[in-house]
Amino acid sequence: MSITKKKKKKYLDSIVMIYVILNVLYVFISSVLFTNNIIYYSWYGKSMIFALIINTIFSITLFMIKKFKIKDFKFHLIDVLLPFMTVFAIISVVFAISKYAALYGFFLRYEGVFAILYYYSLLYISSFVKKDYKKIIVYIIITTGVIDSMYGFLQLNMNSHVKIFYKLGKPVVNGFNNNSNFFATYILLSLSYAIGLFVDNKDITMKTLFGMIIIILSVGLFISNTRSCVLGLFFVLIYSLFFCVKNKKYKEIIIAFILISLVGIYLHFNNKTNLLEAFIGTKNETVNLIKGNYDGKYGAKRLDVWKYSLLISPHYFLHGVGIDNFAFAFGGKSIVVGNYSFDKAHNEYIQILITQGLFALISYLILVFSTLFSGIKSSIKNKNIYLVLPVIGYLVQAFFNISVIEVAPIFYLSIGLLIERNALEK
């Protein structure tokens, strides 16, 4: 490759990196704005129409440049699966019970087809990020996570300069989100990246920096009282342990585990989190639920939501009930379990199955898990773990949560970063 071509390629790679960073900031800043009532939450979801249009134009331009300027350009699995996923998403809108919800999203979610396709476009663009530039994007994600976590800590301590949410008279940590679960998922992604970079870095200064970041982000995760994300963190640490043992980095994983454990113990004994109570409560509720008792507050009722959702799923195998139409899946209304009404599946995989259909779910699973497995293989080969961990953490917590517009773009972006497309463009 000539010097001129190398410069042009480097220039293009820099543009792609900056563009992805702008999308990260768009997601984060938008969350900050609607949390503080500067813009309406519904407008954030609708704004993704414009983000999708811009990303689509950028994606097509990027593909054309890569395809016709790089002789040895090769197609990746996402080049095949994303068009299929796009078609399935559009088909679900056509057959949706509420076309409005399918386009713009259901109340207080606003994750319609425009948001879904925005995620896909961001995944596609992120897959073109050069390996050398991926860390820069990750640094930005971690930084936004740290800011979010610190904001959440101020909420817990009822600082007068932040917006505080209350539940039963107690402050609830939401960060720059309208829900503690969403806040915790964002923090989990950031924390997973930080753990990976702590393990990967050899420089003592960088290790110290990421050690401090792990502490800050762990505080945010624990004070959110979100069990699903703590479970996601557990699997992140399990894979980290496997990786460190294989690469003889015992010290790194031991220190990371100690830091996170000390944060959890400190917060528990200072009554800053009730995670232990919540885990025990969930266990007891599950036992009672099996006996037919629907009372409780720890979320075990979602087991019945999953059961009834799977029972009606054959009716929506082909096209789904419509993106963000779960609230209308049960005879045109939400499912009721005990005294509670549910407008979402509380399981991202079942949510996709019901709203977009079986083929959309299969395509999604193939894309995500094939990318993850190839990423794990590459991580072991290159002795580099930081890109794998966020995907592992998110996919675990997704069994108990659903996709949301404040977090999903960062997850799909993370899948894109895990793809080694540059290796195919030697």
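In the protein chain, confidence is lowest in strand β4 (residues 340-342), with a mean of 75, and highest in helix α15 (residues 389-397), at 97; helices (H or I, at least four residues) and strands (E, at least two) are DSSP runs, numbered from the N terminus. The score is pLDDT, the predictor's confidence in each residue, from 0 to 100, and the protein chain averages 88, with 92% of the residues scoring at least 70. This is a predicted model, in which local features need pLDDT of at least 70 and side-chain atom pairs count only at pLDDT 80 or more, while totals for chains, interfaces and linings use all residues. Residues are numbered from 1 along each chain as its sequence is written, and side-chain values use heavy atoms, with hydrogens and water left out.

Now the helix pair. Helix α8 (residues 204-223) packs against helix α10 (residues 250-269) at an angle of about 35 degrees, their axes 9 Å apart; axes are lines fitted to C-alpha atoms, for helices over the stretch in contact, and angles run from 0 to 180 degrees between N-to-C directions.

Finally, phenylalanine 58, which lies in helix α2 (residues 41-69). Phenylalanine 58 counts as buried because its relative accessibility is 18%, buried meaning under 20% relative accessible area (1.4 Å probe, protein chains only). Leaving aside residues up to four places away in sequence, phenylalanine 58 touches Ile15, Val16, Tyr19 and Ile125, contact being heavy atoms within 4.5 Å. The C-alpha atoms of phenylalanine 58 and isoleucine 15 are separated by 11 Å, with the two residues 43 apart along the chain.

Technical notes
Buried means under 20% relative accessible area, exposed over 50%, partly exposed in between (1.4 Å probe, protein chains only).
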